[in-house]
Amino acid sequence: MKSIKFLNLKNKAFTILSILVMISVTSCDKEVTELEPFDRITESLAFSNPARVELSMVGVYDAAQSGFYAGGQVRGYPFGAANVEQGDMRGEDMLNVAAFFAITYEANYNTASANNVFMWHTLYGVINKANIIIEGVQKAATDGVLTAAQASAYEGEARFLRALSHHELLIHFARPFGHTAGASHPGVPYRTVAVNTADRLESEVVKGRNTVAECYTLLLEDLSFAETNLPATRSGVQKVTRATKGAAIGLKNRILLHKGDWAGVIAEANKLTGYSLAATTDGVFANNSTNTESIFSIENASTDNPGVNGSLPNMYGVAPGRALIAISPIMYNNPAWLQSDLRRSSLVSEAGNGFFSNKYRRVATQEDYNPILRYAEVVLNAAEAQARSGNTGAALDLLNSVRNRAVTTPADQFTATSFASAKELIAAILFERRIEFLGEGRRWPDIHRLALDPDYNSGGIPSKVAFGNTTKASWGFGLNYENGVYKGSRTIVARPYDDFRFLWPIPLDELNTNPTLKAQQNPGY
Amino acid sequence: MLPNVEARDSNHPTGYNLDIINPRALGRGANNDVLSNGIPNQLFVLENDKRVARSWRLLGNAYLQAELAKGLSFRTQLGIDGSYVDDFIFQDARHGDGFGANGSVSQAYSPTTRWNWQNVLSYNNTFSDVHNLGITLVQEYQKDRSTFFQSTVQNISDIYFQENIVSGTFATPTVAGGIGENGLASYLGRVNYNYNSKYYLSASIRRDELSALSPGNRVGYFPGASFAYRVSEETFWDGLRDVISDFRVRGSAAQTGNTSIGNYPYIGSFGSALYGSQNGIAYNNFGNDGLKWEAQTKIDFGFDLGLKNNKYNLSAAYWIQDNDDIILQAPTAPSLGVPGNFVNRNIGRVKSSGIELTLDAAVINSGSFKWSSSLNFSTQKNEVLNLVNGQDIIGNYNIIREGESIRSIYGYNYRGVNAANGNPIYETYNRDAAGAITETILVQGNIQNQTYYVYNEANPTELGTVRALNGSRDRVILGSALPTFFGGFDNNFSYGNFDLNIFLRFSGGNVIMNRTRADLLSQSFNNNGTEILGRWQSVENPGDGQTPRLFLNRDAFTNNPDFASTRWVEDGDFVRLQNVSLGYSFPTSTLKSLDLSSLRIFVQGQNLLTFSGYSGLDPETSTNFSTNTGFGEDFNGNPQQKVVSVGVKVGF
């Protein structure tokens, strides 16, 4: 340190000068203590003009795309990638290759294991941000910043994301709708109040778990509001990456399927217009943003994505991807997935140690969208609902519309004579979902919703293949299959429906800070 | 890395052993698979990737000083402290962290400046030869500003371009940046008085205004006072002075405010929130207008004693440090969705107290050989006095609980391995309504099906009643994260022109959660530490009694690393040879001919030896002491370096 002593005066002029200095510097107080932050907008200004409201709305999608994982990392929680990875790893059709997803795959989660903890954290992170938007746009409408219609459209978007997040919570932390008569069993806390003041911290934390029935009522209310108020179409990058009327209908269609409301599923499917199946089996994946089939996807971009520890192309893709999730021989070898099925070639890639999904292809840029809702799902939902309602003809047509895109040999295609009963047709529809949505995280929601189905009971968490017991030779069409049953080793044991591990636990840090939920933990944890 | 696989392979174009089937991983060699999660060849990473941080520092001070009248002086001082950090990262496209991105170069520049302006008016005078009075008024302004920007480019055209970002050599650029400021305005008044260098009194008051608090709570007043009484100056001491040359009693009490609370903890705000390619902002901080100054009151009293003409000096003091309205990121229930799941809040009050002893001695002072020594020893007792609503604040491995030392390590009691089957055994409890433990029940974690069962000592293989290990019910306090005693022993020797310094430091009474160790016992296909050799293998070969049996990918169950337990918690006591230096000063006769005023050459070793039972790399390593989560926890923390230096000191 250097000190430069450049003046040392003794005179009256300096006395006066120094007194002036002392007086003038009092204005310096403000210079150092009244600091506006340059890197954030104070909450009172976030809804002060229409452009900022738009930015704030996009911020809720950001929370859905890249909430924070342990240590502030971004790994695509909850909907940037993680819902797909967790949804697949809780099922048996995809195979955990390494240690990354072992806890989920082997149902070894506890109240502190990261995957389940951060799904809870980030889903509620989306929900609170959505609630803050709802409060903000309502006030902006009152203040004349937005028109009533603009405010309602934003509220619709926020309520769509709120419903999407609560439903994801329900399939992991609560038993399915049919668990009790009237679905009176515990769901999750359905949060509808913005928590942004100290008072709200106190008043919201005392609200415990809603029943599953209450949750479904609120889900459908949110989605009906969204359907009424969202725009029918959007353009450019927003076409599929922002909620639309169609997205609200599509999600309602899915939720009604989980509820077992077949008439409702059909009614929603019939309302949905403006979408069609892509011409090719990989249309959705080859062209994320401009295909005709995607209804709602979460956008990832080269500059903002779940990164090397989370992105779909890295987790699912072969080298240079990390290839941590393979297609399980349980699915790959299944002869019911016909050898001629185009999806076996267009959507599967081969590596030295097994077969992988080719749905996510952009490893270097990691910009693959996460397909949350696509038209094929609505069609298959409707097919199942029609079949369960006795309309087998309509159901078969819907099934074929998806299946024949991939099964192009007429001899292999289904006809009315292919099924001896409606039950066989429903089984075919359910199996078609496993092929069509393989690697899209839809397996667990189906296991969950069908856990108590009298005919297609998944029985709980199925037994699974351990990667350590496989070699490249474990994959092969029809290999180890007898009478439609996989006979290869499945050393990851099944967890029956009544095992406590069918559900994820409420995280310990929630129990530590929330006396209400501490008394409402899922039993067994 | 794998212990049975070479890191290099001259047949591979890169010269490293990279896997043929999974080229992002280390080659598998004779193994059936690559490392879990496709971990790359670390030797490639070490030898090809680069990380360089260059740091520049600018320090400057200028002042004006004037004597306005007898005893009255004015001084105005301007200071600037600038730090400029330049960070560079290159990740090779061929393998390692740059593989997926096809090569990456990142550069960051982070300037930080602090300016400080101080005006001091002071008056010192002596009246009637015995009344010494000093009055000081200080005005001080300080402002910190830190900014950074960073460019990262990926998809590099050729790994040749690895010295700097070069325009046009990449396909995917990203840019980041940020800014933060804080400021403090202070006014201080202080009066010092002593009577004939015998009685000393002083009192002060300061007014601090901190930008990080809301306008209504920005100002804090912090008083202080002290006294000293040199008893040995009294005439009645004359007879004692040959033995006790100096004796004084002293005491002080002072309050200060904590200014290190971040930049804008009180502001509810929306920060940047990019969604794919779409710009956005999102709620990123929960506002708290009620946040107020965290005040620390420190009281100490003691005495200083000089013996034999101050050849030996002894000081003893008792101190109390009372931190009230401590500001912390208090956790909120995650289901409320508050950003980061915390609120910046005054959480409560924590008190520390202890004694401090220092003994200095000129042990030998005979001609050319001199030895002086200083020994100090302090104790520290810490206790959380109260918390908002009395509610515990629980981190990953620690807890803030009323009546306990702050952030005590908190976890399970581990009871070793079931010798009959290699399963881990833990204590679980039954508690009464008040939470007191009424019964201890041992459970064994059956690794095979990942379920806990009540452990039956008479029949240890029995898997009967299921009883979960419950994070709310079964965790207890395992020890203090803060040392309860510490000190140092400093010795200076000189002989002729040679000088030698030996400085030992010690500390203890705390425990450390050695999380790193759990990672070295991973159950996935990765290398392990040698501790794994002590695992349970069979009833005949039960191992060290602490390490359960192997089971692929069952780390989470077998090791339970998300929680502290007595398996991982270790004593943090240590004695460290902090410094040894040996120097030689050239005699004045030599210097004259060289036209120098002094010349000393020396060799110095820092942190050369540590004596500790702690099995990690460094008992003073902590992942991050400043957050709730890293306190008393060693999770891949960097150990302090051993430094050996050789130097020359020249005076002109």
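A salt bridge is a side-chain nitrogen of Lys or Arg within 4 Å of a carboxyl oxygen of Asp or Glu, and by this rule the count comes to 71 salt bridges over all chains. The model is predicted, so that local features need pLDDT of at least 70 and side-chain atom pairs count only at pLDDT 80 or more, while totals for chains, interfaces and linings use all residues. Residues are numbered from 1 along each chain as its sequence is written, chains are lettered from A and ligands numbered from 1 in the order in which they are written, and side-chain values use heavy atoms, with hydrogens and water left out.

View 1. Glu268(A) and Lys271(A) meet through their side chains at 3.1 Å, N to O. Glu268(A) is buried at 7% relative accessibility, whereas Lys271(A) is partly exposed at 36%; buried means under 20% relative accessible area, exposed over 50%, and partly exposed in between (1.4 Å probe, protein chains only).

**View 2. A salt bridge between Arg576(B) and Asp618(B)**. The side chains of this pair come to 2.9 Å, N to O. The pair links distant parts of the chain, 42 residues apart, with Arg576(B) in strand β29 (residues 574-585) and Asp618(B) in the loop between β30 (598-612) and β31 (633-634). Arg576(B) is buried, with a relative accessible area of 2%, and Asp618(B) is buried at 1%.

Conventions:
Helices (H or I, at least four residues) and strands (E, at least two) are DSSP runs, numbered from the N terminus.
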